[in-house]
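Here are a few friendly notes to read alongside the model. Take them in order, with the structure open beside you.

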Amino acid sequence: MADRAIEPPQLEPEQELENQEEEEQLDPEVAARRAAALAQLRTFGDPVLRTRARAVDRFDDALRSEIAHMAELMNDALGVGLAATQLGVLNRVLVYRVQQEAPVVALINPELEWSGKESETAEEGCLSLPKVLVEVDRPVHVRVRARDEQGEQIVVEASGLEARVIQHEIDHLDGVLILDRTTRDQRKEAMRALREAQQAA
Ligand SMILES: [Zn+2]
């Protein structure tokens, strides 16, 4: 579980994309904010999560306020990444922040330009798949070309957790979920957990 080792200390390990286990230990106010944020996200079974998002061609105030909203939801949900798809918005926009003190990074129209041969398997969760943790093998080093929120071309070279989160979120923009990237056995178990969670809701 490589992302455990590289996760900053304030964030829980499962928080590749979130933390599902420790809700009871959260400060009640934090827990309430988290629940409110999660309630705004699309979850498994929603066809939007299986839909490929469209490239953004207008870098305007509407886009920037969408990004600000995504960053706020990601923070409230205690996640480290979020794709617009998860809000039901089919724009190729993702935000992430892998260290609590770091600024939120927004990538628009991200393209995986290069990935290294070295790969690593680690547990991932997803804000759209409550109660699911599966092992996903991904390249450790990637280079991504994207636009920033002003429309400027940027290149991000990332490794470890940052590379993992970016790849997870780009997958969302392509309608791909961690269920598609794990073993058959883990997918089966995850589907069972999802059914149980949906019945309990
Ligand atoms: Zn996700």
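**Notes on the fold**

1. Strand 6 (141–147) and strand 7 pair in the antiparallel sense over seven bridges; two strands count as paired if DSSP finds at least two bridges between them. Strands of a sheet pair through backbone hydrogen bonds, either parallel or antiparallel.

2. Before going on, a word on the source. This is a predicted model, in which local features need pLDDT of at least 70 and side-chain atom pairs count only at pLDDT 80 or more, while totals for chains, interfaces and linings use all residues. Residues are numbered from 1 along each chain as its sequence is written.

3. Now the overall layout. The protein chain has five helices and seven strands, in the sequence pattern α-α-α-β-β-β-β-β-β-β-α-α. Both are DSSP runs numbered from the N terminus: helices are H or I with at least four residues, strands E with at least two. Among contacts between residues at least 6 apart in sequence, 67% join residues at least 24 apart; a contact here means C-beta atoms, placed from the backbone, within 7 Å.

4. The open sheet has five strands in the order 1-2-3-6-7, with antiparallel pairing. Strand 1 and strand 7 (153–159) stand at the edges with a single partner strand each, so one side of each has no neighbour in the sheet. On average, neighbouring strands of this sheet are turned by 40° against each other, direction ignored; axes are lines fitted to C-alpha atoms, for helices over the stretch in contact, and angles run from 0 to 180 degrees between N-to-C directions.

5. Helix 3 lies across strand 1, strand 2 and strand 3, at about 40° to strand 2. Its buried residues are Leu63, Glu66, Ile67, Met70, Leu73 and Met74. They cover an arc of only 125° around the axis, which puts them on the same side of helix 3; the arc is that of the directions from the helix axis to the C-beta atoms. Asp61 and Ser65, on the other side, are exposed. A residue is buried if 20 or more other C-beta atoms lie within 10 Å of its own, exposed if 12 or fewer, and partly exposed in between, with C-beta atoms placed from the backbone. The buried residues of helix 3 pack against helix 2 (28–39) as well as strand 1, strand 2 and strand 3. Just after helix 3, Leu78 takes a positive phi of about 60°.

6. What about the interior? Of the 201 residues of the protein chain, 38% count as buried. The largest nonpolar core has 44 residues, and Leu82, Leu94, Val95 and Tyr96 touch the most other members. Helix 4 provides the largest share of this core, six residues. Such a core is a set of buried Ala, Val, Leu, Ile, Met, Phe, Trp, Tyr and Cys residues joined through C-beta atoms within 7 Å. Leaving out residues up to four places away in sequence, Tyr96 touches Val80, Gly81, Val105, Val165, Ile166 and Glu169.

7. Finally, look at Val98, in the loop between strand 2 (93–96) and strand 3 (105–115). Is Val98 buried or exposed? Val98 counts as buried because 23 C-beta neighbours lie inside 10 Å. Beyond residues up to four places away in sequence, Val98 touches Val80, Leu161, Glu162 and Val165. Val98 and Val165 are 67 residues apart along the chain, with 8.0 Å between their C-alpha atoms.

Definitions and conventions:
Contact = placed C-beta atoms within 7 Å.
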